[in-house]
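Subject: Structure handover

Hello,

Here is the structure I promised to pass on. Please open it first, then read the notes below.

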Amino acid sequence: MAHFTHNIRPASSTRPEYWMHRYLLDLQRNPSPIYSAGVEAEDVYVWAVTITGPPRTPYEGGVFFPRIIFPPDFPWKPPKCIATSVAQMLMSLAQMLLHPLVAEGDVVREEVAVMYREDWTSYEELARSFTKIHVMDG
């Protein structure tokens, strides 16, 4: 798992940079085997994330690289989520690989959710093929 370093200096607790620094320190002090995150380039508002596909799932062997783009008034305005910390947000994303949201109305692609609920074998095959095509080398 890649771990990122950062160059954010602590600032006043009313400034977004202060909170970003605290969240980065928290991630460094409590590393996860499932995910890591760090500042992308020099823009403290953009973080690069690494999430590994959990073992014994269709995503095993995959490495996902989402980006988090924080709004300028973070943490008072979250980055399009309701998690209370960056670590909780990353854990929620990683948990979605273990337990996808497949209830009616909770999904982006209903046909995939129906496949998950009614034909697990086809869903698993589709998920493995997408993981191999989109997030695995080779």
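A search of the whole structure finds three salt bridges. The term covers a side-chain nitrogen of Lys or Arg within 4 Å of a carboxyl oxygen of Asp or Glu. Before the details, note that this is a predicted model, where local features need pLDDT of at least 70 and side-chain atom pairs count only at pLDDT 80 or more, while totals for chains, interfaces and linings use all residues. Residues are numbered from 1 along each chain as its sequence is written, and side-chain values use heavy atoms, with hydrogens and water left out.

**Salt bridges**

Glu 40 meets Arg 67 at 3.0 Å, N to O. This pair links distant parts of the chain: Glu 40 sits in strand S1 and Arg 67 in strand S4 (residues 67-69), 27 residues apart. Helices (H or I, at least four residues) and strands (E, at least two) are DSSP runs, numbered from the N terminus. Glu 40 is partly exposed at 27% relative accessible area. Arg 67 is partly exposed too, at 49%. The cut-offs are under 20% for buried, over 50% for exposed, and partly exposed in between (1.4 Å probe, protein chains only).

Arg 117 forms a salt bridge with Glu 110, with the closest N and O atoms 3.1 Å apart. Arg 128 and Glu 124 also meet at 3.1 Å, N to O. Those two are four residues apart in helix H4, so about one helical turn separates them.

**Strands and loops**

Strand S1 (residues 35-40) is mostly covered, with five of its six residues buried. Six bridges join S1 to strand S2 (residues 43-52), and the two run antiparallel. Strands count as paired if DSSP finds at least two bridges between them. Gly 38 has Ala 48 in S2 as its bridge partner. Two residues lie between the strands of this hairpin, and Ala 41 takes a positive phi near 55° there.

Arg 56 also has a positive phi, near 60°, and is not a glycine. Arg 56 lies in the loop between S2 and strand S3 (63-64). At 75% relative accessibility, Arg 56 is exposed.

**Core**

The largest nonpolar core has 24 residues; Leu 27, Trp 47, Ile 68, Phe 70, Val 86 and Leu 90 touch the most other members. Helix H1 (16-29), S1, S2, H2 and helix H4 (120-135) each supply at least two residues of this core. H2 gives the largest share, six residues. Such a core is a set of buried Ala, Val, Leu, Ile, Met, Phe, Trp, Tyr and Cys residues joined through side-chain atoms within 4.5 Å.

**Aromatic pairs**

There are five aromatic pairs. Rings of Phe, Tyr and Trp (its six-membered ring) pair if their centres lie within 6.5 Å; planes under 30 degrees apart are stacked, over 60 edge-to-face, and the rest tilted. Tyr 59 and Phe 64 have ring centres 6.2 Å apart and planes at 65°, so they are edge-to-face. Tyr 59 is buried, at 12% relative accessibility. Tyr 116 and Trp 120 are edge-to-face as well, with centres 5.2 Å apart and planes at 85°. Ring pairs link Tyr 116, Trp 120 and Tyr 123 into a cluster.

Over to you.
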